[in-house]
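Thanks for asking me to look this one over.

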Amino acid sequence: MTEKDAFRRRLLGGGLLSLVLAGGLALSLEPTELLTWLPTAWIGTGGLALLIAASVERLPLGVTTIGWPRIAAVGLAILALGSSTFGFVQLLTGASSLSLVYAGFALVAALALSIVTLECLLGGVGLDGETFAVE
């Protein structure tokens, strides 16, 4: 298995995990307020983008096509923005030690997702450039 296949398999796993998490949130939330659906929407959208990136080599959009690394970068960026937003909201709304732990985990996850997003956009700064080749 090449590095590209392994990376795309990880994208598939992350996308499936995100969609399962979004589905679980959707089933557990009460649909009374729009703001309660926001975490479900960002996790589901990011997971769907990761699934698309893992399953297609190129995505045709009108007269242009987008390679899978750019689609993966969009999905990872959505997840990173949502995670950092959740972390900052936890810092601003609660003053307990548990909210600080939640905020710390969310912000570390956002940092890790941001690093992988940049890796996908730049095409091989830390990883091999052939990993992000679009055939």
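1. A contact here means heavy atoms within 4.5 Å. Of the contacts in the chain with a separation of 6 or more, 60% come from residues 24 or more positions apart.

2. Please keep in mind that this is a predicted model. The chain has a mean pLDDT of 85, with 93% of its residues at 70 or more. Confidence is highest in helix H2, at a mean of 92, and lowest in helix H4 (residues 97-122), at 86.

3. On the overall layout, you will find four helices and two strands. Followed along the sequence, their order is α-α-β-β-α-α. The C-alpha trace spans about 50 × 30 × 30 Å along its principal axes.

4. Helix H2 deserves a look of its own. Its 18 residues (38-55) should span 26 Å at 1.5 Å a residue, and because the end C-alpha atoms are 26 Å apart, the model agrees with that expectation.

5. Which residues of H2 are buried? They are Thr40, Ile43, Gly44, Gly46, Gly47, Ala49, Leu50, Leu51, Ala53 and Ala54. These buried residues of H2 pack against helix H1 (3-28) and helix H3 (68-93).

6. Now for burial and surface in the chain as a whole. Of its 135 residues, 31% are buried. The chain exposes about 8200 Å², and 72% of that area is supplied by carbon and sulfur atoms.

7. Last, the charges: the chain carries 6 positive and 9 negative side chains. The centres of these two sets lie 6 Å apart.

Conventions:
Residues are numbered from 1 along each chain as its sequence is written. This is a predicted model: local features need pLDDT of at least 70, side-chain atom pairs count only at pLDDT 80 or more; totals for chains, interfaces and linings use all residues. Side-chain values use heavy atoms; hydrogens and water are left out. The expected span of a helix is 1.5 Å times one less than its number of residues. Buried means under 20% relative accessible area, exposed over 50%, partly exposed in between (1.4 Å probe, protein chains only). pLDDT is the predictor's confidence in each residue, from 0 to 100. Accessible areas come from the Shrake-Rupley method with a 1.4 Å probe; for residues, only the protein chains shown count as cover. Lys and Arg count as positive and Asp and Glu as negative; His and the chain ends are not counted. The place of a charge is taken as NZ of Lys, CZ of Arg, CG of Asp or CD of Glu.
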